[in-house]
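Reader: I'm new to reading protein structures. Could we go through one together, one question at a time?

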Amino acid sequence: MSVGTILVVGGGGYIGSHMVDLLRQDGFDVLVLDNFSTGYRDAVLDAEVIEGSLGDPAVLDRVFQSRPIAAVMHFAAFIEVGESVSAPAKYYKNNFVDTLVLLDAMVRHGVDKFIFSSTAAVYGMPDQVPIAEDHRLVPINAYGRTKLAVEMALADYRIAYGLKFSVLRYFNAAGADPAGRLGERHEPESHLIPLVLQAASGRREAISVFGRDYATPDGTCIRDYVHIVDLCAAHMLALRVLLDGGEGDIYNLGNGQGFSVQEVIACVREVTGVDFAVRDGDRRPGDPARLVADSSKAKRELGWEPQFADLATMVAHAWQWEQKAHGR
């Protein structure tokens, strides 16, 4: 590609590493910036890496002076909701303040295209489901608030500095590289599918179900899962819009259908052929009964069509990674 280099901030993480792989497959020159506080250097399969912080202006100046940067994709946020409540300073510093340092470096070096990894947490407790992009934004934790703060800053940077951007609000990223080279490696892990797979592989004694009395068909919470490859494909489409001169926009990324906690557990049992212990726990504060995306805007405007919408496929790809990564 002759458009210049795509800078992927947080390219050693779960989503960032899959994005780097897709960009390289499509012929882009890619540079990764990551401090590897939560990501992994060996997850960057085929791209140059600069180790450093997005909040360090000197590092950023070196990055932007090293080659022509055509666009920046930002995946370097902290994402643990519970931790954001107990340690909000960590989240405001990394997710918001350091992102402003990155945006200021882009302005300083004349880079005007930005893809931002946001979250359904900006919606808070939904008034209606499925959730569209124009739903009210009332996040209920520091994680969601820091993401919304960046979204608001981006709107102002567009007016003041001509920044073009797309915000992609994820629901629940799931699955792994179908070829088994990459997967989910959060420490600690908090996402349902890999947690259930840990129970299936014997790395976890049991999986806990937090509440069976929600207003859903089986009483357990319903969430919208989107395959990591489909998620990255949407980013690629949004990036190409910016590279082609478009202004960008805000898009939900989900399958538009939900699966309950009980359905995920049943699917894991079926895919793996393994039975495992399930424990019941109390409801967790702030857990909505249903979180499902209305992703029709991304489909309509970006031409996005998820290829791996089936829950069993997501689980199978994640199970392949679990077995490979942990030698089972």
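Reader: Is S17 buried or exposed?

Author: Keep in mind that we're looking at a predicted model. S17 sits in helix α1, which covers residues 14-25. Under 20% relative accessible area counts as buried. S17 has a relative accessibility of 2%, so it is buried.

Reader: Which backbone oxygen does the side chain of S17 reach?

Author: Let's look at what surrounds S17 first. Leaving out residues up to four places away in sequence, S17 touches G11, G12, A43 and L182. Its side chain also reaches a backbone oxygen at 2.7 Å, and that oxygen belongs to G13.

Reader: What is I15 in contact with, leaving aside its neighbours within four places in sequence?

Author: Once you set aside its neighbours within four places in sequence, the contacts of I15 are F75, Y170, A173, I228, L231 and C232.

Reader: Are the rings of F114 and F116 stacked or edge-to-face?

Author: A pair of aromatic rings is described by the distance of the centres and the angle of the planes. For F114 and F116, the centres are 6.2 Å apart and the planes are at 15 degrees. Planes under 30 degrees apart count as stacked, so this pair is stacked.

Reader: And are F114 and F116 themselves buried or exposed?

Author: F114 has a relative accessible area of 0%. F116 comes in at 1%. With under 20% as the cut-off, F114 is buried and F116 is too: buried.

Reader: How many residues apart in sequence are the parts that Y123 and F171 tie together?

Author: These two form a tilted aromatic pair, 6.4 Å centre to centre with 35 degrees between the planes. Y123 lies in the loop between β5 (113-119) and α5 (142-161), while F171 is in the loop between β6 and β7 (172-174). Both Y123 and F171 are buried. Because they sit in those two loops, the pair ties together parts whose separation in sequence is 48 residues.

Reader: Which residue has its charged end over the ring of F276?

Author: There are two arrangements of this kind to look at. In one, R158 lies over the face of F165, at 4.0 Å from the ring centre. In the other, the charged end sits 4.9 Å from the centre of the F276 ring, and it belongs to R269.

Reader: What is omega for the cis peptide bond from E187 to P188?

Author: Most residues other than glycine have a negative phi, and most peptide bonds are trans. A cis bond joins V129 and P130, with omega about 5 degrees, and P130 is in the loop between β5 and α5. P188 is found in the loop between β7 and α6 (192-201). For the cis bond from E187 to P188, omega is near -5 degrees.

Reader: What is phi of F36?

Author: F36 is found in the loop between β2 and β3 (48-51). At 16% relative accessibility, F36 counts as buried. Its phi is positive, in a residue other than glycine, with a value near 60 degrees.

Reader: What separates the C-alpha atoms of Y157 and L100?

Author: Y157 is in helix α5 and counts as buried at 12% relative accessibility. Not counting residues up to four places away in sequence, Y157 touches several residues, including L100, L103 and D104. Y157 and L100 are 57 residues apart along the chain, and their C-alpha atoms are separated by 9.9 Å.

Definitions and conventions:
Residues are numbered from 1 along each chain as its sequence is written. This is a predicted model: local features need pLDDT of at least 70, side-chain atom pairs count only at pLDDT 80 or more; totals for chains, interfaces and linings use all residues. Side-chain values use heavy atoms; hydrogens and water are left out. Helices (H or I, at least four residues) and strands (E, at least two) are DSSP runs, numbered from the N terminus. Buried means under 20% relative accessible area, exposed over 50%, partly exposed in between (1.4 Å probe, protein chains only). A polar contact is a pair of N or O atoms within 3.5 Å; within protein, one must be able to donate a hydrogen and the other to accept it, and residues adjacent in sequence count only if both atoms are side-chain atoms. Contact means heavy atoms within 4.5 Å. Rings of Phe, Tyr and Trp (its six-membered ring) pair if their centres lie within 6.5 Å; planes under 30 degrees apart count as stacked, over 60 as edge-to-face and the rest as tilted. A charge sits over a ring if NZ of Lys or CZ of Arg is within 6 Å of the ring centre and within 35 degrees of the ring normal.
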